[in-house]
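Trainee: Could you walk me through how to read the features of a structure, one at a time?
Mentor: Gladly; let us look at it together.

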Amino acid sequence: MGLAENILFDHRYLLLRMLGRGGSSEVWLADDQRSGMQVAIKVYAPGIGLDDDGIQLFREEFKLVFRLNNPNLLRPTHYEVCDRMPYFVMPYMEKGSTMSQTGDFTEEQAWRFLRDVASGLEYLHGRNVIHQDIKPDNILVDDDGDFLITDFGISMKMRTTLDAFSDKSGDMTMAYAAPERWSKKNRPVRASDIWALGVSVFELLTGNPPYGELGGRLQYEGAPIPEMEGSWSGELNTIVRRCLQRDIKDRPTAGEIVKVCKSVFEKKGQTRSTFTPPVREPNFRSDYRSRERGYVPRPSQIPQPKDPDPGPDKITYLIILAGVVLMLVGGLLLNSKKEPPPVDPPVKPAPTIQVATIAAVVDTTPVVEEKPMSGSSDMISEKFEYFIAAYNKRTGVFKFTIIKYVPEEELTTVAGYMAAFIETKRPGSGVNAAMVLMNNGHWGSGHSGQTGEFIPGNTLTYKSK
């Protein structure tokens with residue numbers, strides 16, 4: 001049967017509303033008709049159900065999950081099967097998951113998040129359990145503000161079984177999938193959970209995961225670790241970057257992260273509930289993204305005017321003024337016989353070009369001067385920050401070779417540079433940034449306009465009319 005509001009599920013749980021949905025499961029808020037309490041129910045293969053082998057495998061998995069007991073794990077309290085659909089019953093966390101706080105995390109919350117999640121992972125990893133899907137959606141907040149891991153203990157075999165009964169893959173979420181998941185082996189390891197933890201903290205602080213929705217695939221192809229926007233402490237930046245290292249041997253273990261967190265708290269000489277982080281400067285870019293999600297900055301995050309400074313009294317002003325006058329007079333006497341220093345002529349600003357429908361004026365000044373390519377007077381090349389542009393005046397072919405990973409938020413700007421370069425060499429071509437990104441016009445068939453194409457080593461080709 002399909003799940004819907006006001007259905008009495010398994011003759012006991014009145015479904016109130018859906019709390020979340022994954023590739024092969026749904027989570028519902030329900031009223032337990034026996035206890036009178038509100039609970040959360042996670043139903044697997046909803047509306048479809050599993051075969052006998054799948055149900056038996058799930059029973060074995062639940063025995064493992066039920067034996068796991070740690071303060072930072074949200075442990076199910078009951079397991080059953082209804083209409084061939086296995087389900088867990090869990091305590092209802094009214095504050096929900098940390099996904100609702102994306103881009104709104106303070107440094108204190110980030111350290112507590114790292115400590116709590118790493119503590120839970122240390123416990124799981126010590127029992128050879130790899131979570132495989134650490135992300136803000138799977139970290140819940142209890143009434144005390146502590147962070148609890150959920151959706152743990154589901155093995156690769158069980159995930160594969162669930163995928164066979166679902167039209168969506170529940171194996172991993174790409175944005176949090178570590179680079180080793182894109183290798184030929186594609187096997188999760190403990191360090192994969194650590195990488196996903198680093199991505200989660202990065203996203204909760206800045207509003208976006210470091211590699212967008214493509215996750216570790218970009219890093220596997222050579223993309224560097226981006227910087228975290230905002231004024232975060234050096235210690236926090238360091239531990240997040242360690243988690244995001246491409247090589248699994250360079251990442252810390254969960255236990256090492258816990259030790260780092262404890263050291264930070266001890267250094268502050270404060271308890272877990274009174275730890276005060278360094279003051280976070282307003283991050284207007286992150287606040288803007290957060291407002292797109294419906295978030296409005298708290299009053300404490302908005303810079304407040306300071307109380308007016310009463311300033312020094314009149315006698316102090318007179319003393320300061322007299323000192324300044326004496327310094328000026330002495331300086332004039334010492335420099336009266338010196339010739340004035342030569343004045344450099346004003347530097348003429350570099351020209352800018354308005355290209356077709358590009359919204360902003362694009363500065364087309366290259367990093368190096370324009371020069372003919374060796375061996376041919378028809379070839380001209382220019383080096384920009386993210387790419388090298390080459391133009392064959394005889395054939396009218398433009399080639400753009402990517403030399404540096406292009407962040408997702410810079411794609412339109414970089415495309416504008418390319419369009420501007422074409423316009424300067426072939427005025428009236430009508431090429432704009434949108435055409436570069438959408439692969440319109442006369443662009444080479446190898447370019448698909450997706451984020452993954454703007455990576456080092458790739459070449460985009462354009463044939464002018």
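Predicted model: local features only at pLDDT ≥ 70, side-chain atom pairs only at ≥ 80, totals over all residues.

Trainee: How many helices and strands does the protein chain have?
Mentor: The protein chain has 11 helices and 13 strands. Of its 465 residues, 45% count as buried.

Trainee: And what share of the contacts joins residues 24 or more positions apart?
Mentor: Among contacts in the protein chain with a separation of 6 or more, such residues account for 58%.

Trainee: Let us turn to cores. What is the general idea?
Mentor: In soluble globular proteins, nonpolar side chains tend to be buried together. Here, the largest nonpolar core has 51 residues. Those with the most contacts inside this core are Phe113, Leu114, Leu121, Leu197, Leu236 and Ile257.

Trainee: Which elements each supply at least two residues of this core?
Mentor: On the helix side, they are α2 (107-125), α4 (190-206), α6 (234-243) and α7 (254-268). The strands β7 (139-141) and β8 (147-149) also each supply at least two.

Trainee: Now strands. Is β11 (residues 387-392) largely enclosed or open?
Mentor: Count its buried residues, meaning those under 20% relative accessible area. Five of the six residues of strand β11 are buried, so this strand is largely enclosed by the rest of the structure.

Trainee: Which strands pair with β11?
Mentor: Strand β10 (residues 379-383) pairs with β11 in the antiparallel sense over five bridges. Strand β12 (residues 397-402) also pairs with β11 in the antiparallel sense, over six bridges.

Trainee: Which residues other than glycine have a positive phi?
Mentor: Asp10 is one of them, with a phi of about 55°. Asp10 sits in the loop between β1 (8-9) and β2 (13-21), and Asp10 is partly exposed, with a relative accessible area of 23%. Asp83 is another case, with phi near 50°. Asp83 is placed in the loop between β5 (78-82) and β6, and is partly exposed at a relative accessible area of 48%.

Trainee: On to cavities. How many of 30 Å³ or more does a search of the whole structure find?
Mentor: The search finds three. The largest cavity holds about 90 Å³ of space. This cavity is lined by 13 residues, and Gln132, Tyr176, Ala177, Arg181 and Ser192 lie nearest its centre. By class, the lining has seven nonpolar, three polar and three charged residues.

Trainee: What lines the second largest cavity?
Mentor: About 70 Å³ of space lies in the second largest cavity. Its lining is made of Lys42, Tyr44, Val65, Leu74, Pro76, Phe88, Met90, Thr150, Asp151 and Phe152. The elements that give two or more residues to this lining are β4 (38-44) and β6 (85-91). Seven of the lining residues are nonpolar, one is polar and two are charged.

Trainee: Let us finish with a residue of β6. Is Pro86 buried or exposed?
Mentor: Pro86, which is found in strand β6, counts as buried because its relative accessibility is 0%. Pro86 and Tyr44 are 42 residues apart in sequence, yet 5.5 Å apart in space, C-alpha to C-alpha. Not counting residues up to four places away in sequence, Pro86 touches Lys42, Val43, Tyr44, Leu50, Phe58, Tyr79, Glu80 and Val81. Two of those, Lys42 and Tyr44, also belong to the lining of the second largest cavity.

Terms used:
Residues numbered from 1 in each chain as written. Heavy atoms only, no water. 1 Å grid on protein atoms, 1.4 Å probe; cavity = no way out; pocket = protein on both sides within 12 Å on 5 of 7 lines; lining within 4 Å. Points joined across faces, edges and corners; volume = space filled by probe spheres on them. Nonpolar A, V, L, I, M, F, W, Y, C, P; charged D, E, K, R; others polar. Helix = DSSP H or I, 4+ residues; strand = E, 2+ residues; numbered from the N terminus. Core = buried A, V, L, I, M, F, W, Y, C linked by side-chain atoms within 4.5 Å. Buried < 20%, exposed > 50% of the residue type's maximum accessible area, 1.4 Å probe, protein only. Pairing = 2+ DSSP bridges. Contact = heavy atoms within 4.5 Å.
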